[in-house]
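Have the sequence and the 3D view open as you read.

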Amino acid sequence: MKRRRLLQAATAAPFLSATSGFAGAAEVRSRVRPGEAGWPPEAQWRQLGMAVDGALIKVQSPVVACRTAPASEACAQLFKSLKNPYFIGDDVALTQTLGWVDAWTSMPSAWAVAARGTADVVAAVNFAREHRLRLVVKGGGHSYQGTSNAADSLLVWTRRMNGIRLHDAFVGEGCTGPGQRAVSVEAGAIWSQVYDAVTTQAGGYVQGGGCMTVGVAGLVQSGGFGSFSKAYGLASASLLEAEVVTADGQVRIANACSHPELFWGLKGGGGGSLGVVTRVTLRVHELPEDFGAVNLTIKASSPAAFRRLIGMVLDFYRQALMNPHWGEQIRLRRDNVVKVSMVFQGLTRSQAQAVWQRFRDALARAPDEFSVEFAPLAIVSTSARDFWAPSLVKRVLGFMSTDDRPGAPKTNLFWPGDEGQAGQVLHGFQSAWLPAALLREDRREALADALFAATRHWPVSLHFNKGLAGAPPAAIAAARDTAMNPAVLDAFALVILGTQGQPAYPGVAGREPDVALAREQAQALERAMAELRRLVPDAGSYVSESNYFEANWQQSFWGANYPRLLAAKRQYDPAGLFFVHHGVGSEAWSPNGFTRL
């Protein structure tokens with residue numbers, strides 16, 4: 001661990017000269033913890049509680065409490081409930097990921113302001129700044145990097161701020177020109193709520209996340225991919241305006257006409273670094289007639305056949321799928337299996353079947369090498385307006401899972417494939433953008449070789465919707481005007497390698513993370529990614545789905561955009577009130593965010 005920290009410090013050296021010049025940097029050299037001199041006394045906490053009209057919470061974690069009674073019925077029920085992402089999201093002390101072995105463990109804040117409006121956020125920000133507190137912001141709580149929790153901190157919890165308002169002709173504050181269809185969403189809303197309001201109820205489309213329980217504001221600030229990003233681009237590129245509470249406690253409206261650098265930084269610069277976003281307004285796109293999905297499994301008879309199959313998949317993708325109609329992923333497994341989990345938009349089911357018939361024919365010509373599981377429901381489609389609707393048929397057929405708590409809203413839905421992430425403990429996670437140039441005739445064999453070599457160590461997932469090669473020119477142009485690493489613009493896919501365990505927590509007897517297994521799997525994952533990095537040594541990485549131990553994170557996450565982001569940080573948060581792991585300006589602080597370097 002010490003070696004990793006030294007590597008991070010060495011990598012950050014070129015940027016430290018910029019951060020050390022922050023205006024007001026000398027004002028805060030360290031933050032205070034409970035019991036230390038300067039920690040607010042009870043009377044001051046009561047004053048904050050009155051200022052937020054009783055929304056101040058003394059935080060206690062139910063998982064931490066299990067350490068004293070791990071065999072109790074209550075503890076058993078808790079760990080069962082941790083597979084429900086809505087249960088996790090409704091608890092101020094919990095995060096969707098419980099930790100990352102050898103990196104971080106989800107720990108509750110000392111206090112939390114359960115904000116019901118922007119004024120509550122302002123009060124919390126001012127209190128944290130005036131008392132030198134570590135401040136944390138949590139909406140959906142999905143951060144793999146652990147940025148939505150920190151021990152000994154004050155938490156701004158936006159879950160109760162979930163209002164949604166549709167606009168027929170939105171014009172940003174201070175801007176002129178024709179209005180456009182849009183939706184304004186408060187910071188605590190999650191994507192299932194937005195899809196219900198915009199698509200199911202109003203017949204429009206907003207580019208959001210594939211996982212329905214992810215927070216809207218956090219995803220937009222990180223760039224934001226959804227299943228149909230190959231058609232509609234980044235969620236951040238659809239941002240029209242944001243209401244933000246900055247470090248000085250001011251409420252600012254950021255758009256292309258007002259605070260343009262803050263606005264640009266919020267479009268992919270990472271959540272929690274520049275301010276607390278309390279509302280976003282996003283462009284609403286025209287909804288196509290149909291959405292659909294393709295699911296099939298192909299088993300190769302030998303490693304040699306599997307290597308050939310990988311080449312066939314890449315060739316088929318290049319010819320038929322690298323366009324706005326297709327998204328999601330294909331998984332290459334160590335047992336010589338290809339698992340296809342794709343979605344499509346703007347095509348009928350028969351049109352989608354015709355696209356895949358060519359691939360089916362190629363597989364049928366080698367029956368001794370490939371066996372295909374292609375059931376009647378392998379290709380399905382539905383009215384796009386009904387895609388996120390909570391229909392009984394979808395639940396019965398297993399296409400959707402629901403919040404099983406008594407009285408839960410019927411719109412509390414999530415995809416079954418996302419259930420494995422609820423309450424997870426990460427063992428390792430890495431990602432890298434693969435440029436479309438790798439699909440050229442003269443490079444495709446090398447790519448297939450690298451992917452095959454990687455699968456000898458760990459499964460590999462190709463997320464095609466998380467690279468914009470093949471997207472419409474307008475979507476690429478809009479993405480270029482965000483803070484995202486420009487590598488996303490010509491990437492045909494984001495390759496992801498991940499490994500995790502089910503709900504576990506240190507110190508809870510019988511339910512502790514398997515550290516030895518985690519380290520073994522993380523090493524295998526590292527070997528797999530090394531095979532790909534030989535081919536693409538300087539590939540960028542997506543900040544929301546990345547390696548906690550990334551040494552060169554500034555370049556990896558933001559590339560040439562990082563200096564501009566750092567300048568925005570200097571302007572709007574000169575004293576570094578907002579800190580997240582591997583966030584903009586975080587190289588100026590100790591890894592826990594309590595001490596300025």
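Phe557 counts as buried at 2% relative accessibility, where buried means under 20% relative accessible area, exposed means over 50%, and partly exposed is in between (1.4 Å probe, protein chains only). You'll find Phe557 in helix H17; helices (H or I, at least four residues) and strands (E, at least two) are DSSP runs, numbered from the N terminus. Not counting residues up to four places away in sequence, Phe557 touches Asn485, Ser541, Val543, Ser546, Glu550 and His582, a contact being heavy atoms within 4.5 Å. Phe557 and Ala432 are 125 residues apart along the chain, yet their C-alpha atoms are separated by 9.9 Å.

A quick word on the ground rules. This is a predicted model, in which local features need pLDDT of at least 70 and side-chain atom pairs count only at pLDDT 80 or more, while totals for chains, interfaces and linings use all residues. Residues are numbered from 1 along each chain as its sequence is written, and side-chain values use heavy atoms, with hydrogens and water left out.

His582, one of the contacts of Phe557, deserves a look of its own. His582 lies in the segment after helix H18 (562-572) and is buried, with a relative accessible area of 5%. Its phi is positive, about 55°, although His582 is not a glycine. Most residues other than glycine have a negative phi. Asp152 also has a positive phi, near 65°. That residue sits in the loop between strand E5 (135-138) and strand E6 (154-157), and is partly exposed at 25% relative accessible area.

Now for the second largest pocket. On a 1 Å grid over the protein atoms alone, a pocket is an open set of points where a 1.4 Å probe fits, with protein on both sides within 12 Å along at least five of seven lines; lining residues have an atom within 4 Å of a point. Its volume is about 720 Å³, taken as the space filled by probe spheres set on the points, with grid points joined across faces, edges and corners. Of its 30 lining residues, Gln430, Glu526, Asn547, Phe549 and Glu550 lie nearest the centre. Which elements each supply at least two residues of the lining? They are helix H1 (2-19), strand E21 (424-435), helix H16 (515-533) and helix H17 (553-558), and H16 gives the most, with eight residues. The lining divides into twelve nonpolar, ten polar and eight charged residues. Here Ala, Val, Leu, Ile, Met, Phe, Trp, Tyr, Cys and Pro count as nonpolar, Asp, Glu, Lys and Arg as charged, and the others, Gly among them, as polar.

On to the cysteines. There are two disulfides, a disulfide being a pair of cysteine sulfur atoms within 2.5 Å.

| Pair | S to S distance |
|---|---|
| Cys66 and Cys75 | 2.4 Å |
| Cys175 and Cys257 | 2.1 Å |

Counting bonded cysteines along the chain, the pattern is 1-2, 3-4. The torsion about the S-S bond of Cys66 and Cys75 is about 135°, so that disulfide is right-handed; both Cys66 and Cys75 are buried. The link of Cys175 and Cys257 is right-handed as well, with 120° about the S-S bond. Cys175 lies in the loop between strand E7 (164-170) and strand E8 (180-186), and Cys257 in the loop between strand E11 (251-255) and helix H10 (260-266), so the pair ties together parts that are 82 residues apart in sequence. Cys257 counts as partly exposed, at 44% relative accessibility.

What about the inside? A nonpolar core is a set of buried Ala, Val, Leu, Ile, Met, Phe, Trp, Tyr and Cys residues joined through side-chain atoms within 4.5 Å. The largest one has 57 residues, and Leu309 and Trp356 touch the most other members. Helix H11 (residues 303-321) provides the largest share of this core, eleven residues. Apart from it lies another core, of 45 residues, among them Ala189, Trp191, Ala231 and Leu282.

Leaving aside neighbours within four places in sequence, Trp356 is in contact with residues including Phe316, Trp326 and Ile379. Trp326 also comes up with Val343, a residue of strand E16 (residues 337-345): the two are 17 residues apart in sequence and 5.8 Å apart in space, C-alpha to C-alpha. Val343 is buried, with a relative accessible area of 9%.
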